[in-house]
Amino acid sequence: MAKKSTVSKAAPRPASAKAKPLPKVSADGKTIRAPLTQNPHAIRDTREKVLEVAIGREVRAFRKKLGITVADLAVATDISLGMLSKIENGITSPSLTTLQALSRALGVPVTAFFRRFEEERSAVFVKAGEGLDVERRGTRAGHQYNLLGHIGSNTSGVVVEPYLITLTEDSDVFPTFQHEGMEFLYMLEGEVVYRHGNNLYPMKPGDSLFFDADAPHGPEVLTRLPMRYLSIICYPQNSAG
């Protein structure tokens, strides 16, 4: 049996008046999409298979970051132009003495040259039904939180927490969540009227909602139970979340 809450006296603005469509359509009926600022297919920072190539790429990257030429680096390190060219192109394996000279000239530790070769990237794989049940604000209201993965310190500077949230007949309405970061919801089962600030969004399976989580938000009316949805929260690493 679905539960409903009493909507607040302040009449919320309908979601349709506030929602912004993703694509814009031109007069000739063709869809105009906003340009992406990142190429998802670009390969960046791939772990190198050959140590010499990895070192060479790092030397070149640090040199260009300082805005100096190979000739400038040659003078600073007393290494020939030919040798530096071979190092940057991964043709030769530099000695420890050479790496120390490069380290001093470029202002980085020797270990920085091995970053692409040694650094690993984290991944979390969770089998169906094996997510971790966690206590979060709202758990006492009967909201079940199943954490689907967590990576703490990482190169992006952002923490992302994906949850599978389940509400049943025993759940209460709890529309007072508020926290730092951004949140993305995707409805899987059931129906809900979800509040974000002064707006109400009726959500059915397949609907999504992406919002600034600093505004008060949460399920306002549990229209059809049981209900399941994905909640993906992201916030800066230096934040408590």
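R60, R63 and E88 are linked in a network of salt bridges, a salt bridge being a side-chain nitrogen of Lys or Arg within 4 Å of a carboxyl oxygen of Asp or Glu. The structure is a predicted model, in which local features need pLDDT of at least 70 and side-chain atom pairs count only at pLDDT 80 or more, while totals for chains, interfaces and linings use all residues. Residues are numbered from 1 along each chain as its sequence is written, and side-chain values use heavy atoms, with hydrogens and water left out. The structure holds 5 salt bridges.

**Between helices**

- The side chains of E88 and R63 form a salt bridge at 2.6 Å, N to O.
- Because E88 lies in helix α4 (residues 81-88) and R63 in helix α2 (residues 51-66), the pair ties together parts that are 25 residues apart in sequence; helices (H or I, at least four residues) and strands (E, at least two) are DSSP runs, numbered from the N terminus.
- E88 counts as buried at 6% relative accessibility, and R63 counts as buried at 8%, where buried means under 20% relative accessible area, exposed over 50% and partly exposed in between (1.4 Å probe, protein chains only).

**Between strands β7 and β10**

- R224 and E191 meet through their side chains in a salt bridge of 3.5 Å, N to O.
- This pair links distant parts of the chain, with R224 in strand β10 (residues 217-236) and E191 in strand β7 (residues 182-196), 33 residues apart.
- R224 counts as partly exposed, at 39% relative accessibility.
- E220 and R195 also meet in a side-chain salt bridge, at 2.9 Å, N to O, which joins strand β10 at E220 to strand β7 at R195, 25 residues apart.
- Both E220 and R195 are buried.
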